[in-house]
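Please keep the sequence and the model in view while reading.

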Amino acid sequence: MAQILVIDDDPAVQMLLRRVLQSQGHGVSLAANGTEGLKLAEEIQPALIICDWMMPGLNGLEVCRQVKANATLSTCFFVLLTSRSSIEDRVMGLDTGADDFLTKPIVEVVELQAKVRAGLRVYQLAKALQAQTRLLESELAEASAYVRSLLPAPMEQPLPIASCFIPSRELGGDCFDYFWLNDRQLVLFLLDMSGHGLGAALPSVYILNLLRSQSLNDVDFSHPDQVLTALNRIFQMGEHGDRYFTIWYGVFNQKTRQLCYGSAGHPPALLLKKTPSQWEVEPLKTKGFPIGMFAQAQYRSETQTMESGSSLYIFSDGVYEIPIGDGKIWNLSGFSSLLQQLHSQNQGTLDAILKTVKELYQGEIFNDDVSLVKATF
């Protein structure tokens, strides 16, 4: 049995609608005006509302607008009862949120019953979709928590490393890690799988575990070019649902202070180092297609001496490809300038960086995962 609310200031119309709808097995509640109707709707959460357009006080359009703006009532099927028949009036009603119309006076009871049956079918579909959406959101939240649980904790000694992971409204494919290969070599990497949702997160976690467990055959994990080549060999788009990923991979030798690094289509890591007059930003990147795009792609490694007091930032593009108003998108150059500015102000912390990024961002939740790793040498 469906619960139906009738809002009309005419007792005769109320009586007719109640008799017809109750004869079909529905529960019917009555309200004589818009204010009373909105209060009753909150209480009984009806599946369908039939509301007169012309009423003293709140008219039917305003009642409809408030019902559709209410998260707990938005799936309710709303029928406007009116003697208006012009196209302009119908368009106005639809734009306000009405789902259907009934013409006054009600002559065809069969039409009324058919519209109610159709409206209740739409309501049931909307409720089912709402339930599925909540389930999906719950599953994505669980997946996000799982990915977060796999990410490394901050490191204090012998090399300070801080990191953050902010999942988007749609779980993406960001993963990162840092760990010691031996007593002198430290691996740092960050990857970004194409797409969103579980389809991106699961293969991202798979690659994370491959690298963490050093499970690539015949690969020297201290050589980024070998690691990237091996990953490209085992992960091709055609075998993984047309997905590919970008990655930045580096190995720091604590004894020689040399950083050996390579990248596959990933944004460059940014090295911040102090000069007598200012902080300089140096991008660290090698040429190379994203992993999975071309089976014959080749990758190479470069080396960089890490000066004492310098900082290295590794990140996903979600941290800078953000809307900043007027249809503009922030970019890597803007992010690089921000790091330089904050370091010159002795504020180069992840908290300060993210605070500024969030202030620039025109939205409540990031459209893509934001991953950021900072290592201080």
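## The sheet

The model is predicted, and local features need pLDDT of at least 70, side-chain atom pairs count only at pLDDT 80 or more, and totals for chains, interfaces and linings use all residues. Residues are numbered from 1 along each chain as its sequence is written, and side-chain values use heavy atoms, with hydrogens and water left out.

An open sheet is formed by 5 strands in the order β2-β1-β3-β4-β5, with parallel pairing. Strands are DSSP runs of E with at least two residues, helices are runs of H or I with at least four residues, and both are numbered from the N terminus. Two strands pair if DSSP finds at least two bridges between them. β2 and β5 (100-103) stand at the edges with a single partner strand each, so one side of each is left without a neighbour in the sheet. On average, neighbouring strands of this sheet are turned by 20 degrees against each other, direction ignored.

## Strand β1 and its partners

Strand β1 (residues 3-7) is mostly covered, as 4 of its 5 residues are buried; buried means under 20% relative accessible area, exposed over 50%, and partly exposed in between, with a 1.4 Å probe and protein chains only. β1 runs parallel to strand β2 (residues 27-31), and 5 bridges join the two. β1 also runs parallel to strand β3 (residues 48-52), to which 4 bridges join it.

Val-6 stands opposite Leu-30 in β2 and opposite Ile-50 in β3. Leu-5 stands opposite Ile-49 in β3.

## Helices on the sheet

Helix α1 packs on the sheet and touches β1, β2, β3 and β4 (77-82), and its direction makes about 170 degrees with that of β2. Contact means heavy atoms within 4.5 Å. Helix α5 (residues 109-150) also packs on the sheet, touching β1, β3, β4 and β5, and its direction makes about 130 degrees with that of β3. Axes are lines fitted to C-alpha atoms, for helices over the stretch in contact, and angles run from 0 to 180 degrees between N-to-C directions.

## Helices α3 and α4

Helix α3 (residues 60-69) packs with helix α4 (residues 87-96) at an angle of about 25 degrees, and their axes are 9 Å apart. The two helices α3 and α4 are therefore roughly parallel to each other, a term for angles under 35 degrees. Leu-61, Cys-64 and Arg-65 in α3 meet Met-92, Gly-93 and Thr-96 in α4.

Key. Parallel < 35°, antiparallel > 145°, perpendicular 65-115°, else oblique.
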